[in-house]
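Subject: Structure handover

Hello,

Here is the structure for you to look over. My notes on helices, cores, charged pairs and rings follow below.

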Amino acid sequence: MAKLITKEQMAEQESYIMKLKEENMRYAAQNGHAKLALTETYGCQQNENDTERIRGMLRQAGFDFTDDSNKADVVIYNTCAVRENAEQKVFGRLGILKHIKEERKDMVIGVCGCMVQQEHITEKIKKVHEHVDLVFGTHALYKMPELLYRAIHEKKTVVDIDSSDGAIAEDIPIMRDDDKKAWVSVMYGCNNFCSYCIVPYVRGRERSRTPEAVIAEVKELVARGCSEIALLGQNVNSYGNDLETGENFATLLEEICKIDGEFLVRFVSPHPKDFGDDVIDVIARNEKVARCLHLPLQSGSSRILKLMNRKYTKEQYIELAEKIKSRIPGVAL
């Protein structure tokens, strides 16, 4: 079972949210407007979902939002370690912010996410971009209120890139970008160690949320009128492998489909090696699951797939695709 962040730990972060809110209320009273925060996301849907939580915590702390870095009091870049172009963009953005911060000394600049979970990147930021105030990795997301408070008051770079696999934090405030479509993370991390991929090192090993927590979040979204739910995981259909209660991705998908209401379910990203008959059967008998499935191929060569450590062959992939198409009429892959 995945380790959970305790209620006491979450209460501590809530206390920092309240401290920031009190300071922001005083600021607003003196200046006629709230402090402004800017967030930018690079990379995958999981990063987008994490940024929604960052924005949720910032909103509870009394911040409003802006897209203009010249006006922002707090800037947080949520970064990606997979795409090289994203990494270059972040460093370019930090260079621009240096000049802005020379004029606005109280601006707080933060970099978080997968990129900074790599120690050499964090060291580069500390040496080359000394104007960055806050650096935190994927496992410290729930601690952002405390880290931001410290960055504001300690006037030095605050760093938290704990390299452990991390724990699951429930009940983090969330500010979603869309009222009708929502991301719902069901698990975090990955155990596959594909030869080209850094995800297990920056996101940690697989950790599944409890079915109860996932179901409760989906029910709340549907009750609020959300019409499309996308289930997220680095390897979403390996959900439940670490649970001691026997639930797996097929049983979770089935339970979600039983929720009353009109909504569509999608999921990304599944791994072909974990796409079992039970998942196919659940999709086939539940119209709430979208008939458009993401099935990563990576290579059409079994030799290359083996070198990639993908754990399936071209022939196995084709067999799986044909099985899905035969048992789920009209499906798009």
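**Helix α11**

α11 has 14 residues, and its first and last C-alpha atoms lie 20 Å apart, close to the 20 Å expected at 1.5 Å a residue. The expected span is 1.5 Å times one less than the number of residues. Helices (H or I, at least four residues) and strands (E, at least two) are DSSP runs numbered from the N terminus.

Before going on, the ground rules. This is a predicted model, in which local features need pLDDT of at least 70 and side-chain atom pairs count only at pLDDT 80 or more, while totals for chains, interfaces and linings use all residues. Residues are numbered from 1 along each chain as its sequence is written, and side-chain values use heavy atoms, with hydrogens and water left out.

Back to α11. Y317, L320, A321 and I324 are buried there. Buried means under 20% relative accessible area, exposed over 50%, and partly exposed in between (1.4 Å probe, protein chains only). The buried residues of α11 pack against α9. Contact here means heavy atoms within 4.5 Å.

**Helix α7**

α7 agrees with expectation too: its 13 residues should span 18 Å at 1.5 Å a residue, and its end C-alpha atoms are 18 Å apart. Its buried residues are P211, A213, V214, I215, E217, V218, L221 and V222. Their cover includes α2, β7, β10 and α8. Just after α7, G225 takes a positive phi of about 100 degrees.

**Cores**

A nonpolar core is a set of buried Ala, Val, Leu, Ile, Met, Phe, Trp, Tyr and Cys residues joined through side-chain atoms within 4.5 Å. The largest has 42 residues. Those with the most contacts inside it are L231, L253, I256, F267, F275, I283 and I324. At least two core residues come from each of β7 (181-185), α7 (211-223), β10 (228-232), α8 (249-257), β11 (264-268), α9 and α11. α8 gives the most, with 6 residues.

What does L231 touch, not counting residues up to four places away in sequence? Its contacts are V184, V186, V236, F249, L253, I256, V265, R266, F267 and V268. A second, separate core has 29 residues, including Y16, L20, V108 and A140.

**Charged residues**

A salt bridge is a side-chain nitrogen of Lys or Arg within 4 Å of a carboxyl oxygen of Asp or Glu. By this rule there are 22 salt bridges.

- K155 and D106 form a salt bridge at 3.9 Å, N to O. K155 lies in the loop between α5 (144-154) and β6 (158-160), and D106 in the loop between α3 (84-103) and β4 (108-113), 49 residues apart. Both K155 and D106 are exposed.
- D281 pairs with R327, the closest N and O atoms being 2.4 Å apart. D281 is partly exposed at 32% relative accessibility, and R327 is partly exposed at 29%.
- K273 and D274 meet at 3.0 Å, N to O. K273 is partly exposed at 34%, as is D274 at 21%.
- E52, R53, E170, R176, R209 and E217 are linked in a network of salt bridges.

Is R55 buried or exposed? R55 is buried, with a relative accessible area of 16%. It lies in helix α2 (residues 45-60). Leaving aside neighbours within four places in sequence, R55 contacts T39, F65, M175 and D177.

**Aromatic pairs**

Rings of Phe, Tyr and Trp (its six-membered ring) pair if their centres lie within 6.5 Å; planes under 30 degrees apart count as stacked, over 60 as edge-to-face and the rest as tilted. The whole structure has 6 aromatic pairs. Y42 and Y77 are edge-to-face, at 6.4 Å centre to centre and 75 degrees between the planes. Y42 lies in the loop between β1 (36-41) and α2 and Y77 in strand β3 (residues 74-79), so the pair ties together parts 35 residues apart in sequence. Y42 and Y77 are buried. F249, F267 and F275 are linked into a cluster by ring pairs.

Best wishes
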